[in-house]
Amino acid sequence: MRISRAMRFAVLVAGTLAESAFEPVDFNVTNALVDLGVNVDFISKLSGPVEGSSRDACRIACNALEYTFGSDSVDTPRRPSYDSFTNTYWSLQQASVDPYCIFKPSKREQVSVVVLLSRLTQCPFAVKSGGHAAFAGASSIEGGITVALERMNEITLSSDNKIASIGPGNRWQDVYTRLESQDLAVVGGRVAAIGVGGLTLGGGISFFSNQYGWACDNVASYEVVTASGIVVTASLSSSSDLYWALRGGGNNFGIVTRFDLQTIPQGKMWGGGRLLNEAAFPAAIKAFYNLGMNSAQDKDAAQILSFAYAQNTKFASADLQYAKPVANTSIFAEYMAIPAMKDTTQIRSLSNLTMQFDASNPNGLRETYWTATFKLDEAFAAFTKDVFFEEIAAIADAPSLVPAVTLQVITTPQLEKMAQNGGNPLGLDAKDGPLILLNLNMMWSLIDDDTRILETNSKILDRTVAEAEKRGLAVDYIYMNYASQYQSVVPSYGEANQDTLEQIAHHYDPIGVFQKLQPGYFKLGGAPVSSAP
Ligand SMILES: Cc1cc2nc3c(=O)[nH]c(=O)nc-3n(C[C@H](O)[C@H](O)[C@H](O)COP(=O)(O)OP(=O)(O)OC[C@H]3O[C@@H](n4cnc5c(N)ncnc54)[C@H](O)[C@@H]3O)c2cc1C
Ligand SMILES: *[C@@H]1O[C@H](CO)[C@@H](O)[C@H](O)[C@H]1NC(C)=O
Ligand SMILES: *[C@@H]1O[C@H](CO)[C@@H](O)[C@H](O)[C@H]1NC(C)=O
Ligand SMILES: *[C@@H]1O[C@H](CO)[C@@H](O)[C@H](O)[C@H]1NC(C)=O
């Protein structure tokens, strides 16, 4: 199933290649810039004495951007707007990166220009949507150009209300607030400040995924600026290879300048968290497992079960959501029977719920995310929790540390939806479900604690994966949106899918602009950092 789908695309890609090269071999970057109205004579005068260093390259590229689009579109160090920009990242690791300049395009043509200027000068770049990727360089770049999409924040509804066209600079909160007034929503993030761009390109798990699938499986089309600056609309009916690749392939194919998302009818819902003490852990894991196994029985239900440690206390949070405005519905009976120390469940709007989640995820701390996937198994879920509490003892004294292990179920209905619209490249199959999606996440304050905290995460992951292999519960898939810089995401989609993704990337980007000139985050070949922490 997985192979035949990939092979179909391999054939499709090979066919397209034979017909016409997307970018001609003699493609002339300078001429492409001239076509976009950029004064290239000025750029050559700007160049001055060039020693071929990256700083020279970026000085030229940033000056050219400022000359072409005005100083309002470009931030450089020593301007107050530069610092206020870097503070918009979620993690301190990303906020600490200093780009040569920050470029804020407001139109797709300006995105084309920055890609071409990067090619011309060889100044590298990074792209930022909501800035919630945790590790340094994911959506930021030391000494290069950070392309901040925040001004591309349009939200428009098609006349039949079926498609919401969303600019990549939006955060989910803005999207939900805009659509709520018409009792509509889209399949997107669960925390207010997360960006539309990163979440949707890596997969995207929503409160409503048990009904509709992941965010990437509910995109009707993508508008993409490719490596040659040409804008492509990728959908099931045009550039369908690129459409497939973008449904989980991340930042490897181009810069998405518009996401056309299928809307869903959505009014008020029910949701919130139930705080549980250690005595409740076995019952919570049982409820988690049973709900995961029974997820097809009521597709409006969703759950997130986290175990955490704070103030010398182990606790759990069972975050439960229901797509209809109905409290305590029977599918949650087992969870609701567990005594809670605190309960915030209530009938509320989607945006209200995403705001509540936002409050527990503040900006400005050091952060790390790690992930693995396993077959859903009750005893194994308990094992992961135990390994987590055992290993964090070694780092518990780190100031402001909040360590957590979050368990979700990739439900069988979610997996079934991955096959819609021609499938996606994640390499997951409904017959393998349901799955546990493990997400280790920690925040802390001191840089001196980085190494031991990252090592602890690595150890927890190694131990759980080794045990899963022993028990026959291991699954290769690594979820991009939760992966650490040490994890090899795209290869985990399977060799055939990785090959096809590489062919598609090569077709639209033959010289590898999005692999080399945009070096950050999960490239097609493997992990961002190849050594262990
Ligand atoms: C508090 C918190 C809550 C989360 N909740 C969820 C959740 O509910 N569901 C879920 O699935 N995940 C969730 N995540 C994970 C989240 O999906 C990832 O962190 C994701 O990368 C965030 O997207 P962003 O746009 O904010 O990040 P960014 O850091 O801006 O981008 C991430 C990557 O995507 C690339 N990118 C972004 N936009 C574009 C674009 N338009 N074109 C090309 N490349 C682009 C960037 O270059 C970067 O490499 C959560 C993360 C956090 C920290
Ligand atoms: C691109 O075209 C310009 C003329 O517009 C020419 O001067 C330049 O040499 C060409 N560049 C390459 C790499 O062929
Ligand atoms: C739902 O259950 C909780 C916990 O058992 C209870 O406090 C609450 O009153 C119930 N709400 C409704 C509407 O039944
Ligand atoms: C969500 O709605 C509840 C009930 O109306 C309200 O008390 C709460 O303040 C709201 N939360 C946010 C973050 O808006």
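**Entry 1: domain 1 and domain 3.** I looked up salt bridges between domain 1 and domain 3 and found a count of 0, a salt bridge being a side-chain nitrogen of Lys or Arg within 4 Å of a carboxyl oxygen of Asp or Glu. I note that this is a predicted model, in which local features need pLDDT of at least 70, side-chain atom pairs count only at pLDDT 80 or more, and totals for chains, interfaces and linings use all residues. Residues are numbered from 1 along each chain as its sequence is written, chains are lettered from A and ligands numbered from 1 in the order in which they are written, and side-chain values use heavy atoms, without hydrogens and water.

By class, I recorded 5 nonpolar, 5 polar and no charged residues on the side of domain 1 that touches domain 3. Here Ala, Val, Leu, Ile, Met, Phe, Trp, Tyr, Cys and Pro count as nonpolar, Asp, Glu, Lys and Arg as charged, and the others, Gly among them, as polar.

I then looked for polar contacts across this interface and noted 6 residue pairs, both residues at pLDDT 80 or more. A polar contact is a pair of N or O atoms within 3.5 Å; within protein, one must be able to donate a hydrogen and the other to accept it, and residues adjacent in sequence count only if both atoms are side-chain atoms.

**Entry 2: Q408.** I located Q408 in strand β17 (residues 402-410); strands (E, at least two residues) and helices (H or I, at least four) are DSSP runs, numbered from the N terminus. Q408 is buried at 4% relative accessibility, where buried means under 20% relative accessible area, exposed over 50% and partly exposed in between (1.4 Å probe, protein chains only). I found a polar contact of 2.9 Å between the side chains of Q408 and Y482.

**Entry 3: backbone.** Most residues other than glycine have a negative phi, and most peptide bonds are trans. I therefore listed the exceptions with that general rule in mind.

- Q311 has a positive phi near 45 degrees and lies in the loop between β12 (301-310) and β13 (313-322). Q311 is exposed, at 76% relative accessibility.
- Y521 has a positive phi near 75 degrees and is found in the segment after α19 (513-517). Y521 is buried, at 13% relative accessible area.
- The peptide bond from G433 to P434 is cis, with omega near -10 degrees. I placed P434 in the loop between α16 (412-417) and β18 (435-444).
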